Amino acid sequence: MSAAVTPDRPEPVPGGSAGRLRALLDSIRALTGDDAYERYLQRHQATHPEQAVLSPAEFYAAEIERRYSGVTRCC
Amino acid sequence: MSLVWVLIALAGAFSLAQVAVFRGETVNAAWLLAAAVCIYLLAYRFYSAWIAAKVLMIDSTRATPAERFDNNRDYVPTHRWVVFGHHFAAIAGPGPLIGPTLAAQFGYLPGTLWILVGGVLGGAVQDMVVLFLSTRRDGKSIGQMARDELGRIGGAAALVGTFMIMLILIAVLGLVVVNAMKHSPWATSTVAATIPIALFIGVYLRYVRPGRVLEGSLIGVGLLLLAVGGGGWVASHDTLAVYFDHGPVPLAWALIVYGFAAAVVPVWLLLAPRDYLSTFVKLGTVFLLAFAIAVLRPDIQMPAITPFIDGSGPIFGGSVFPFVFITIACGAISGFHSLIASGTTPKLLMNERDIRMVGYGSMLLESLVAIMAMIAATVLDPGVFFAINSPAGVVGAELTQAVATISNWGFPVTAERMEQLASEMGESTLLSRTGGAPSLAVGMASIFSAAFGGGLLALWYHFAIMFEAVFILTTLDAGTRVGRFMLQDLLGNVVPALGRTSWYPSVLLCSALVVAGWGYFLYIGVIDPNGGVNILWPLFGISNQMLAGIALAVATGILVRSGRGWYALVTGAPLAWIAFITTWASMEKVFSSDPRVGFLAAAQRMRDQLAEAALPPEQLKVLPQLIFNQQLDAVLTLFFVAVLWTVIGAMLVAVLRHNGGRSTRPLAESPYVRSRYAGPA
């Protein structure tokens, strides 16, 4: 149980090179998983907004626990 | 568009002809890279598209498990590039770097052809089909699918087989790191420094800036680079260097203690940050290497085929048939991938269409990594390559004696050359640093240093060692943990309390058992005078191919029973080849009369040596242990073969019953649900 923290939501994408840079940064953040918490919040709002929201730290801890409970890496 | 593909086909054929047919004095590595890339493009564009459309009959209107069970936790519809990134990061380990390096003793051609053909027709197909089957079955694991499809014996075989592979894999990877670190204060201190760096990043990502993976990883990579430079300072420091200068046995013990500690601390503290760092370092280095090879276009020094295809090779005993096929598992076909393709990945796929790119595509990228490892190994002077990779038990421990032996094989090398190379790389010696990592590092250092100018060979060498060590240790941490889960699962059937994965006494006990398991093989590998690589790597290859056989058998059974008819050969043909070649290799490993190949012959020769007291006392002392180990390896190998054929037999029974019109188990495919992402019907 903790206060919801508003993530830095991506601005509407402007055109031109600034927009392209923004889009590139967003893709990199998607690949590294940096935007995982934002996506979690968005989806949480969309599905069951009445339930309590995890804080970034709680969400990260739960994510790590989930991701490393199976086979995570090969040879 | 079709003109582009004709051009790619022509370019590929021309490059391959340069590599395989018109071999002049030397072949340029760029041809190898170009041939590989063209083959991958064609295979992806045509073969994988055909499999997706005709064999698997992928249906983009069908909802995936991620959509149907979307819970914002395990099941999350995710963009295909992100799934691709996660899947590739999970399947790409150190395997494709080591196998090709060892197989280069046959020359560059046999290994390269197997990587290309095996990757395109075997490994990538396996990964894609397993991913498809698991997606159609709510993301079930390959073990569960084996149980559903082939009964309890098949399921149990998959589980026990996986556990054994894990132990052998970790042992052989541990051995590779130990060989890179032995009596090298620079390598040892750099590798040691990766531990506090990972801990720091772990704390940073958990408490300081939760979830900021990108910046955390960039800071970590910066610190790793500092550690590479710092290692050079430590090695040149008179008192500090002594603390990091150790022989193989103490290093093996240190690794065992580390492995246990890493398995029992929380994941966020060590494993997760290490995983992030190794993924970053690996991707960066692989792209850097591809770029450097393209810029530098080095000539390949190794002949296409060496005399060692007859089985007399110094790195491992055994002829090119069948041993190139089990030496290179990862990069051509790796059974292990079936665990990932039926684990997290199917629970993230947004649409069935993405199966082709994620399953087939990421295996092609892994195969390309193997090709680059082959290039890095074969641009080295062959004499140097064999001096680094041949164990002391084969070429002798004295430098002059070793270079004389290797020169006699027709690969001239001098003591001065080896001494000069070692000092350029900042090492006291490079002789008999077996396991593949050091020779890969020398190859990479030469390529980087020449491509980017400025010398700095020693820095590049230790950067490459750090790069390999970081993700070998990640696999070691992750593998120990996975092994622990499996063991807890298994023991939980007997003592329910042990099955509770978070009960700390059970965590400690099961982690200790897993570490003891791989620690045993690591220790034996370290004390073996022929270098344990000769034993452990083939054992790993056989077990990994056995798992590939299980995955392909499950897939073939399901394809036949879902009425795909002859199309089931897309997995059936690789299965037949893997079963044939793995069984052949296993029989040679157990029963060959050559003690460098056959486990039983080796045990017999050691018994003779023991009886005649034909060796120095310190070597005689360890002989009983080595004899026991050779026999254990023989039993293990036979066990793997038995498991493989049990599974194949169960599959054939199911297929024959189906074709005979008799009742078989129902297909466990989940019912069709229309996808929200499918658009209007």
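Biologist: Is B:Ala235 buried or exposed, and how many other C-beta atoms lie within 10 Å?

Modeller: Glad you start there. This is a predicted model, so everything we discuss is computed from it. A residue is called buried when 20 or more other C-beta atoms lie within 10 Å of its own. B:Ala235 has 23 such atoms and is therefore buried.

Biologist: Where does B:Ala235 sit, and which residues does B:Ala235 touch?

Modeller: B:Ala235 belongs to helix H9 of chain B, residues 213–236. Leaving aside residues up to four places away in sequence, B:Ala235 touches B:Pro185, B:Trp186, B:Ala241 and B:Gly426.

Biologist: Let's turn to helix packing. At what angle do H15(B) and H20(B) pack?

Modeller: An angle from 65 to 115 degrees counts as roughly perpendicular. Helix H15 (residues 354–378) and helix H20 (residues 437–452), both of chain B, pack at about 85 degrees, and their axes are 8 Å apart. The two helices are therefore roughly perpendicular to each other.

Biologist: Which residues make that contact?

Modeller: H15(B) supplies B:Ala373, B:Ala376 and B:Ala377, while H20(B) supplies B:Ser439, B:Leu440, B:Gly443, B:Met444 and B:Ile447. By type, six are nonpolar, two are polar and none is charged.

Biologist: Why do B:Met57 and B:His183 count as partly exposed?

Modeller: Partly exposed lies between the cut-offs, which are 12 or fewer for exposed and 20 or more for buried. B:Met57 has 13 other C-beta atoms within 10 Å, so B:Met57 is partly exposed. B:His183 has 16 C-beta neighbours inside 10 Å and therefore counts as partly exposed too.

Biologist: Now omega. Which residues are joined by a cis peptide bond?

Modeller: B:Phe321 and B:Pro322 are, with omega of about 5 degrees. B:Phe321 lies in helix H13 of chain B, and B:Pro322 is found in H13 as well, which covers residues 320–327. B:Phe321 is partly exposed, with 14 other C-beta atoms within 10 Å. Its C-alpha atom is separated by 31 Å from that of B:Ile153, which is 168 residues apart along the chain.

Biologist: Which residues touch the most other members of the largest nonpolar core?

Modeller: This core has 239 residues, and B:Ile168, B:Leu536 and B:Ile550 touch the most other members. Helix H7 of chain B (residues 142–181) gives the largest share, 22 residues. Follow B:Ile550 in the viewer: beyond four places in sequence, its contacts are B:Ala146, B:Ala157, B:Ala158, B:Gly161, B:Gly335, B:Leu644 and B:Val647.

Biologist: And chain A: what pattern does chain A follow along the sequence?

Modeller: The pattern is α-α-α, with three helices and zero strands. Of the 75 residues in chain A, 23% are buried.

Biologist: How many residues does the contact take from chain A and from chain B?

Modeller: The contact takes 28 residues from chain A and 38 residues from chain B. On the side of chain A, the elements that give two or more residues are helices H1 (16–32), H2 (36–47) and H3 (56–67) of chain A. H3(A) makes the largest contribution, eight residues. That side of chain A divides into 16 nonpolar, six polar and six charged residues.

Definitions and conventions
Residues numbered from 1 in each chain as written. Chains lettered and ligands numbered in written order. Predicted model: local features only at pLDDT ≥ 70, side-chain atom pairs only at ≥ 80, totals over all residues. Axes fitted to C-alpha atoms, helices over the stretch in contact; angles between N-to-C directions. Helix = DSSP H or I, 4+ residues; strand = E, 2+ residues; numbered from the N terminus. Parallel < 35°, antiparallel > 145°, perpendicular 65-115°, else oblique. Contact = placed C-beta atoms within 7 Å. Nonpolar A, V, L, I, M, F, W, Y, C, P; charged D, E, K, R; others polar. Core = buried A, V, L, I, M, F, W, Y, C linked by C-beta atoms within 7 Å.
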